[in-house]
Amino acid sequence: MTWIARLRLLTSVLLVLALTAGLTLVFNQRQRQSASVSAAIVQPRYAIAAVAPGVVIDMAVALGDEVSAGDVLFTMASVELQQDAVHGLAASSNDAMDIDPVTGVIVYRATADGRVTELSATPGNYLGAGAAVATIVRSSPRAVEAQFLLTSRDYGRLEEGARAEILLPDDRTVVGDVVSASVVTENGKAVTRALITSEELEGEDLDLIATDGAPVSVRVELTDDGVLAGPTDALMDFLRSVGLR
């Protein structure tokens with residue numbers, strides 16, 4: 001064999017090795033990430049309920065209104081509150097409501113900035129104590145709730161603090177971290193639910209895009225078990241499928 005032939009053979013071997021190494025790295029990289037099957041923006045919400053039975057005498061907000069902390073939401077009049085005051089049982093005002101025990105009037109206020117998403121009363125309605133009147137979705141903090149179909153092995157590789165890339169409806173990408181994960185069974189399948197937070201979601205330029213319920217896509221990083229972890233796992237799965245392990 002001539003030196004030229006040997007050189008060509010060596011070059012071919014090196015190319016095959018390089019290609020094999022490259023494909024191994026690509027395969028392993030794919031195994032290190034998982035894409036969500038569904039994901040959406042979520043924002044904290046709080047409900048406002050009647051603290052005493054009474055009649056709604058004024059509604060200061062409408063469905064969909066934006067409110068700020070301290071804004072008046074609605075007003076109720078409660079005869080029972082007046083009676084309690086006579087017996088020295090008057091409730092006291094706080095950030096969520098202004099109470100006048102003498103007249104029995106209660107003015108309910110928003111305790112955080114947000115948007116009114118539910119209203120279940122109108123002026124003239126009688127409400128019992130504890131009856132829900134309104135629900136407000138807070139402006140911040142925003143988070144993402146994502147669902148993944150992970151094997152038991154990959155679920156074990158999803159760690160708290162794992163990096164996550166969030167693709168927004170306008171094709172912008174922001175980076176966040178996994179803060180919690182749990183598994184539920186849906187339609188006979190084990191579904192991993194992960195909660196992801198990102199400071200980048202709090203930007204004012206995202207107020208119209210990253211709203212509660214807005215659909216997004218998420219890709220999370222799984223822990224790296226080494227360059228050969230992906231091919232090794234695939235081989236083990238194959239051996240199990242044919243009954244050799």
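This is a predicted model: local features need pLDDT of at least 70, side-chain atom pairs count only at pLDDT 80 or more; totals for chains, interfaces and linings use all residues.
Strands β13 (residues 163-167) and β16 pair in the antiparallel sense over four bridges, where strands are DSSP E runs of at least two residues and helices are H or I runs of at least four, both numbered from the N terminus. Two strands count as paired if DSSP finds at least two bridges between them. Residues are numbered from 1 along each chain as its sequence is written, and side-chain values use heavy atoms, with hydrogens and water left out.

**Around strand β16**

- Buried here means under 20% relative accessible area, exposed means over 50%, and partly exposed lies in between (1.4 Å probe, protein chains only).

- An open sheet of five strands has the order β7-β8-β6-β4-β10, with antiparallel pairing.
- β7 (97-100) and β10 (126-127) stand at the edges with a single partner strand each, so one side of each has no neighbour in the sheet.
- Within this sheet, β6 and β8 run antiparallel and are joined by five bridges, with Phe 74 opposite Tyr 108.
- What does a search of the whole structure find in the way of aromatic pairs? There is one.
- The rings of Phe 74 and Tyr 108 have centres 4.4 Å apart and planes at 20°, so the pair is stacked; the cut-offs are centres within 6.5 Å for Phe, Tyr and Trp (its six-membered ring), with planes under 30 degrees apart stacked, over 60 edge-to-face and the rest tilted.
- Phe 74 lies in β6 (residues 72-77) and Tyr 108 in β8 (residues 105-109), so the pair ties together parts 34 residues apart in sequence.
- Phe 74 counts as buried at 0% relative accessibility, and Tyr 108 does too at 1%.

**Nonpolar cores**

- Among the 24 residues of the largest nonpolar core, Ile 48, Leu 73, Phe 74, Tyr 108 and Ile 136 touch the most other members.
- Such a core is a set of buried Ala, Val, Leu, Ile, Met, Phe, Trp, Tyr and Cys residues joined through side-chain atoms within 4.5 Å.
- At least two residues of this core come from each of β3, β4 (54-59), β6, β7, β8 and β11 (132-138).
- A second, separate core has 23 residues, including Ala 146, Val 174, Ala 194 and Ala 210.

**A buried glutamine in a loop**

- Gln 43 sits in the loop between β2 (38-42) and β3 (45-49), and at 10% relative accessibility it counts as buried.
- Its side chain reaches the backbone oxygen of Arg 138 at 2.8 Å, and a polar atom of the Gln 43 side chain lies 2.7 Å from the backbone nitrogen of Asp 212.

**The whole chain**

- The protein has four helices and 16 strands, and 31% of its 245 residues count as buried.

Terms used: A polar contact is a pair of N or O atoms within 3.5 Å; within protein, one must be able to donate a hydrogen and the other to accept it, and residues adjacent in sequence count only if both atoms are side-chain atoms.
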